[in-house]
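Biologist: Can you walk me through this one? I'd like to start with the aromatic side chains.

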Amino acid sequence: MAGSGNSEVKLLGAWASPYVARARIALNLKEVQYEFLEEQFGTKSELLLKSNPIYKKIPVLIHDDKPICESLIIVQYIDEVWVSSGPALMPADAYDRALHRFWAVYIDDKFVPALFGMMRAPTEEAKAESKEQALASLQLLEEAFGKISKGKPFFGGDTIGYLDVALGAFVGWMKAFEEMNGFKLLDDAKTPLLCAWAENFCNNEVVGAVIPETAKLVELAKVMQARFKNAPPAN
Amino acid sequence: MASEKGVMLLDFWVSPFGQRARIALAEKGVQYEYKEENLTEKSELLLKANPVHKKIPVLIHDGKPVCESLIIVEYIDEVWSDKAPLMPSDPYQRAQARFWADFVDKKVYDCGSRLWKLKGEEQQAAKKEMIEILQLLEAQLGDKKYFGGDSFGFVDVAFVPFTSWFYSYETCANFSVEGVAPKVAQWAKRCLERESVAKTLSDPKKVYEFVCFLKKKFGVE
């Protein structure tokens with residue numbers, strides 16, 4: 001999907017970042033030509049610091065030289081700008097929109113910290129706590145899926161929607177953690193709907209192109225874990 | 001919840017998050033039932049309406065609950081779209097509005113709480129951070145009448161309830177909002193000229209009494 005020459009759409013990101021994946025999936029779903037500018041791990045480019053001076057984080061979408069920051073805000077922006085390209089990501093009904101937004105915020109506030117908490121946890125006890133929180137979050141998301149999807153394959157119904165992108169971008173990392181820790185986050189017994197959903201989501205060709213291979217993420221996770229272990233303890 | 005027609009807001013009098021919803025409803029002229037929650041003894045209704053977080057505010061519209069204050073405000077703006085639009089119509093401006101409202105969410109309340117919870121060096125660090133936050137907001141406001149430009153908008157609604165906490169922040173941490181962010185201070189006064197804001201915001205002295213009560217409760221000297 002790299003643009004050629006005069007790209008008006010640029011995305012600052014990194015291959016492994018699930019937040020960046022949200023933006024890429026949305027751009028792909030809307031068939032937007034864009035230039036992907038990969039940030040190097042451990043450094044921040046001038047362009048990034050200039051485009052996101054407040055948080056200095058990826059992803060940053062730059063559209064006609066105007067930066068948009070925060071992955072969920074970027075996804076909504078993409079949906080609103082390229083409105084005539086492909087199905088809408090946000091539901092048509094205001095209440096359904098509120099539900100999608102609520103669970104997207106929940107994913108960011110509760111699920112993701114628990115998911116990555118398993119990797120960063122300094123003690124076995126802390127790791128177990130993160131694992132419990134991650135599983136509990138997925139249980140709530142399973143229930144939410146049941147109510148929101150109304151029997152269809154996605155949170156968005158027949159097509160991938162905002163909440164599918166919000167959660168689906170993390171499926172690669174979920175698979176990596178499953179492999180590293182030897183237990184299932186998405187379980188046919190406990191979260192059958194989400195299991196089916198994850199498969200449908202990953203089978204979508206624009207998604208498949210974005211979610212990194214599990215093996216590569218596992219390799220990266222091991223490097224990052226070593227860094228955390230060797231780093232001096234935070235004060 | 002029975003699917004009763006109408007609008008109800010589960011809230012707590014001094015909550016700046018609840019006040020966001022109240023201001024949005026007032027701007028739109030929406031009639032609603034206000035229910036004050038006792039946060040030490042949450043009602044059945046609250047626990048049922050927000051089982052995930054068990055927090056206020058919760059907007060219940062025709063029996064269906066909407067949670068999280070900024071989500072509530074966007075919902076109100078979208079449903080009662082005929083009057084006083086809070087979100088801009090341009091997608092880039094909308095992204096900016098969401099960004100800055102989210103910034104207020106991430107930064108102001110947390111940092112503010114640290115101003116009255118902590119002492120000594122830690123409090124000084126929180127004070128430095130609060131000044132930075134206010135100055136970033138000052139830069140964003142610039143010479144505009146409101147964060148939303150000429151019209152009172154989403155970021156204004158998100159931030160204005162915290163202006164009644166300025167007195168508490170100033171008193172606990174010994175600084176002046178007007179001194180570090182004069183445009184924000186002027187903006188706060190301008191907002192109070194709006195009926196929706198004047199009728200909703202808590203008296204800063206009452207907020208300070210509440211903060212003192214919390215300090216005692218948390219054992220902060």
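Modeller: One term before we start: a residue is called buried when its relative accessible area is under 20%. Also, this is a predicted model.

Biologist: Fine. Is Y75(B) buried or exposed?

Modeller: Y75(B) counts as buried, because its relative accessibility is 5%.

Biologist: How many aromatic pairs are there over all chains?

Modeller: The structure holds 30. One of them joins Y95(A) and Y75(B), edge-to-face, with 6.3 Å centre to centre and 85° between the planes. That pair crosses between chains. Y95(A) belongs to helix α4 of chain A, residues 94-120, and Y75(B) to helix α3 of chain B, residues 69-79.

Biologist: And Y95(A), buried or exposed?

Modeller: Y95(A) is buried, at a relative accessible area of 11%.

Biologist: What about W100(B) and F103(B), how do they pair?

Modeller: Edge-to-face again for W100(B) and F103(B): 5.1 Å between centres, 65° between planes. They are 3 residues apart in helix α4 of chain B, residues 91-117, so about one helical turn separates them. W100(B) is buried at 7%, and F103(B) is buried at 1%.

Biologist: Which residues do ring pairs link into a cluster?

Modeller: Y19(A), F116(A), F170(A), W173(A) and F177(A). W173(A) also turns up in the largest nonpolar core, among the residues that touch the most other members.

Biologist: What is W197(A) in contact with, leaving aside its neighbours within four places in sequence?

Modeller: F145(A), P153(A), F154(A), F155(A), D164(A), L167(A), G168(A) and V171(A).

Biologist: Switching to charges. Where does the charged end of K131(A) sit?

Modeller: Over the ring of F183(A), 4.0 Å from its centre. K106(B) lies over the face of Y55(A), at 5.5 Å from the ring centre.

Biologist: Now chain A as a whole. How many helices and strands?

Modeller: Chain A has 10 helices and 4 strands. Along the sequence they run β-α-β-α-β-β-α-α-α-α-α-α-α-α.

Biologist: What is its radius of gyration?

Modeller: Chain A has 18 Å. A compact globule with 235 residues would be near 18 Å, so the two agree. Buried residues make up 51% of the chain.

Biologist: And the accessible surface of chain A?

Modeller: About 11,400 Å², with 52% belonging to carbon and sulfur atoms.

Terms used
Residues are numbered from 1 along each chain as its sequence is written. Chains are lettered from A and ligands numbered from 1 in the order in which they are written. This is a predicted model: local features need pLDDT of at least 70, side-chain atom pairs count only at pLDDT 80 or more; totals for chains, interfaces and linings use all residues. Side-chain values use heavy atoms; hydrogens and water are left out. Rings of Phe, Tyr and Trp (its six-membered ring) pair if their centres lie within 6.5 Å; planes under 30 degrees apart count as stacked, over 60 as edge-to-face and the rest as tilted. Helices (H or I, at least four residues) and strands (E, at least two) are DSSP runs, numbered from the N terminus. Buried means under 20% relative accessible area, exposed over 50%, partly exposed in between (1.4 Å probe, protein chains only). A charge sits over a ring if NZ of Lys or CZ of Arg is within 6 Å of the ring centre and within 35 degrees of the ring normal. A nonpolar core is a set of buried Ala, Val, Leu, Ile, Met, Phe, Trp, Tyr and Cys residues joined through side-chain atoms within 4.5 Å. Contact means heavy atoms within 4.5 Å. The radius of gyration is taken over C-alpha atoms; the globule rule is 2.2 Å times the number of residues to the power 0.38. Accessible areas come from the Shrake-Rupley method with a 1.4 Å probe; for residues, only the protein chains shown count as cover.
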